[in-house]
Amino acid sequence: EPGDLIGGYPEEAVANSRTAIAAACAAAAGRKTTSLYEPTIEHEGFLARIDLLHVMCHGKYLDGEGYLVLDSPDDGWAPTPISQIAPVIAQAGARLVLLSACQSATVGDTSSATGLLGGVAPALVAHGVPGVVAMQFTVRQRAAHTMIRVISEALAAGRSVPEAVAAARLQLWSSERDRTSWYVPTLYVRAMQLERAAGTLL
């Protein structure tokens, strides 16, 4: 049932990633984290000032637009188009968004602005988010957790966002026998904004 899951993910998987981010933030001068379980697009927590936003849910690219599966007020699932979500995240001032969501880096027809910017990550960047780490294809839960853990630890250690993503890819390359996950995480950036934000991200 949808109520037993968070964004379609088992609660244990969400808790593991949450713990990894909280531990990294605690190591970075005692920074605090806030978690929103079962958020909807209207959730007041989205309107708070955000430095790093981790979104863990199912994702889909369909008919030229990316979707994230949020929880609906009636305890069901609400596949929500990124055209509705991106302005809310941008308004909150998020400087880096980590998307543990399948197909969140997928784009459509690159010959048109609609196809190029219809995916989740491109839409967020187009709305002003300096950096977005997203998934090109379907991603394994364990690989998604590894990515979040390594990126969070790298940022807490003072490494840049591109360096953190490279470290996560290297970890996935070395930890999987079939090596099918290392190329899935993808970094989208607004170059100058990311450079300014990265120095004080954590």
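Biologist: Thanks! Which residue stands opposite Met-135 in S9?

Modeller: Pro-185 in S9 is the one opposite Met-135. Before we go on, this is a predicted model, where local features need pLDDT of at least 70, side-chain atom pairs count only at pLDDT 80 or more, and totals for chains, interfaces and linings use all residues. Residues are numbered from 1 along each chain as its sequence is written, and side-chain values use heavy atoms, with hydrogens and water left out.

Biologist: What makes something a helix or a strand here?

Modeller: Both are DSSP runs, numbered from the N terminus: a helix is H or I with at least four residues, and a strand is E with at least two. On that basis the protein has seven helices and nine strands.

Biologist: How do you know that S8 and S9 pair, and in which sense?

Modeller: Two strands pair if DSSP finds at least two bridges between them. S8 and strand S9 (residues 185-189) have five bridges, so by that definition they pair, and the sense is antiparallel. S7 and S8 also pair, over three bridges, but in the parallel sense. In S8, Leu-98 has Val-133 as its bridge partner, and Leu-96 has Gly-131.

Biologist: What is the order of strands in the open sheet of four, and what is its pairing called?

Modeller: The order is S3-S7-S8-S9, and the pairing is mixed.

Biologist: Why are S3 and S9 called edge strands?

Modeller: S3 and S9 each pair on one side only, and this is what "edge" refers to. From one strand to the next, the twist of this sheet averages 15 degrees. Helix H6 (residues 161-175) packs on the sheet and touches S7, S8 and S9. The direction of H6 makes about 170 degrees with that of S9; axes are lines fitted to C-alpha atoms, for helices over the stretch in contact, and angles run from 0 to 180 degrees between N-to-C directions.

Biologist: Why is S8 called mostly covered?

Modeller: Buried means under 20% relative accessible area, exposed over 50%, and partly exposed in between (1.4 Å probe, protein chains only). In S8, five of its five residues are buried. Gly-131, Val-133 and Met-135 lie on one side, with Val-132 and Ala-134 on the other. In a regular strand the side chains alternate between the two faces of the sheet.

Biologist: How much of the whole protein counts as buried?

Modeller: Of its 202 residues, 46% do.

Biologist: What makes a group of residues a nonpolar core?

Modeller: The members must be buried Ala, Val, Leu, Ile, Met, Phe, Trp, Tyr and Cys residues, joined through side-chain atoms within 4.5 Å. The largest such core here has 24 residues, and Leu-68, Ile-82 and Leu-99 are among those with the most contacts inside it. H4 gives the most to this core, with five residues. A second, separate core has 21 residues, including Val-139 and Leu-172.

Biologist: Which residues is Leu-99 in contact with, leaving aside its neighbours within four places in sequence?

Modeller: Contact means heavy atoms within 4.5 Å. For Leu-99 the list includes Val-55, Leu-68, Leu-124 and Val-132.

Biologist: How many strands are in the sheet with the order S4-S5-S6?

Modeller: That open sheet has three strands, with antiparallel pairing. Its edge strands are S4 (59-62) and S6 (77-81), and its twist averages 30 degrees from one strand to the next. Five bridges join S5 to S6; Val-69 stands opposite Pro-79, and Tyr-67 stands opposite Pro-81. In the hairpin of S5 and S6, five residues lie between the strands, and Asp-75 takes a positive phi near 70 degrees.
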